[in-house]
Amino acid sequence: MFFERHEGGEHAILVHPEFSEDSEREDPREFEELVSSAGARGVAFISVARQQPSARFFIGRGKVDEIRDLVIAHEADIVIFNHALSPSQERNLEQAFQCRVLDRTGLILDIFAQRARTHEGKLQVELAQLHYMSTRLIRGWTHLERQKGGIGLRGPGETQLETDRRLLRARIKAILKRLERVRKQRDQGRRSRRRAQIPNVSLVGYTNAGKSTLFNRLTDADVYAADQLFATLDPTLRRISVDELGPVVLADTVGFIRHLPHRLVEAFRATLEESAQADLLLHVVDAADIERDDNIHQVELVLSEIGAGEIPVLQVYNKIDLMEGVEPSIQRNEAGEAVRVWCSAVSGEGVDLLLQAISERLGEDMVHMELPLEPSQGRLRARLYALGGVVTERHDEQGQMVVEVRMPRHDLARLMKEAGLDPLPIPEDDYLDGVAAAEEAT
């Protein structure tokens, strides 16, 4: 007789393994927050210390018996492990506990499935779930290994398990095609913004660092924000206006977490490209979190994995309202460049300093000047307007047209070269660098 799995529920036994060989141990406090975010209620918390995991049960036989007694005593519906389990270990533990067993990866996938709202988000979560499920189809359902039999069921000899795996592969292929269309649509939108010379700024950071709250503060949007892990899953883009810079597209993205399942990173690649293609990353940090340094490191690892490791970063130390004696400020490096801003998205303290730092970082290569134009240079004037570089236009006392220009240095250098104008209004070294960059781009 095969083992039938329970449907699951809210009462959970939490198991936190600690192995001496683990170089990066999981955080038990974060584990409890993940379980709470998934909608479960922990009725017991068990820590397991071992030299290395057991091949059969992951934990020792004695702990298996202890957890089984807790499952019976608390009438628990599920046992959740704060570590990745192999499919066979999950199956063995489920048979021992007679209830559902879930590992850390499955827990995060479940939270993502609950948070997904848009069609794209649901596709990405489903893709990650199908990859995860493909190795766990058997999960105690031993009847799936038997060949179909009986009148009308005899055929090529394909087992039910093989049929399900084939259907999974077909579904994965269909989702990948849809996500490829999503990726192309997003890429087309980014190209349009680049043609319009609109900088892209992406909010990144550890989950629950306050990205969505800061996004709402900067954009007056109404994005869902809550004090829970992975409150935001679907990306949101808004246009804001920054002094001395003009329009900027700000993107709110999914939060990162230590040991983020690789399949999730792969599934959300279309979304994460918003960060990988940004002109500036705002790395939002929970300044009041005692684990903030490790969280920063984990975010940097994920950024490197998605190809965003070389994009300029401005750190935003958020939640200073929870800290004593910390005032809003901008920290600069030896060259005077803004590298860190201390602020509070909830109270609004320091948000003006953040906008100032964004303007400085994105405006480093901007030229703001007045450019006199002859009547014969109407084509140059039209190009300046097409690129959105004209701030104002007037005529001087001699009747000559004067346009106030604010645009990237290399773009202005290229246009002036094409028009045959004297490049002296731009410093010679910067002009040459701009021309070289423009020629390389073309």
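Modeller: **The packing of α4 and α5**

Helices α4 and α5 (residues 119–134) pack at an angle of about 155°, and their axes lie 10 Å apart. The axes are lines fitted to C-alpha atoms, for helices over the stretch in contact, with angles running from 0 to 180 degrees between N-to-C directions. Because of this angle, α4 is roughly antiparallel to α5 (angles under 35 degrees count as roughly parallel, over 145 as roughly antiparallel, 65 to 115 as roughly perpendicular and the rest as oblique). The crossing of the two helices is left-handed, a term that applies if the near helix is turned anticlockwise from the far one by less than a right angle.

On the α4 side, the contact (heavy atoms within 4.5 Å) is made by Thr105, Gly106, Leu109, Phe112 and Ala113. Val125, Ala128, Gln129 and Tyr132 contribute from α5. These residues divide into six nonpolar, three polar and no charged; Ala, Val, Leu, Ile, Met, Phe, Trp, Tyr, Cys and Pro count as nonpolar, Asp, Glu, Lys and Arg as charged, and the others, Gly among them, as polar.

The model is predicted: local features need pLDDT of at least 70 and side-chain atom pairs count only at pLDDT 80 or more, whereas totals for chains, interfaces and linings use all residues. Residues are numbered from 1 along each chain as its sequence is written, and side-chain values use heavy atoms, with hydrogens and water left out.

Helix α4 (104–115) also takes part in the surroundings of α1, whose buried residues pack against α4 as well as β1 (11–19), β2 (41–50) and β3 (78–81). Helices (H or I, at least four residues) and strands (E, at least two) are DSSP runs, numbered from the N terminus. In α1 (residues 28–37), Glu30, Phe31, Leu34, Val35 and Ser37 are buried, that is, under 20% relative accessible area with a 1.4 Å probe and protein chains only. These residues are on the same side of α1 because they cover an arc of only 160° around the axis, taken from the directions from the helix axis to the C-beta atoms. After α1 comes Gly39, with a positive phi near 95°.

As for the whole, the protein has 14 helices and 14 strands, and 49% of its 442 residues count as buried. Among contacts with a separation of 6 or more, 68% are accounted for by residues 24 or more positions apart.

Terms used
Buried means under 20% relative accessible area, exposed over 50%, partly exposed in between (1.4 Å probe, protein chains only).
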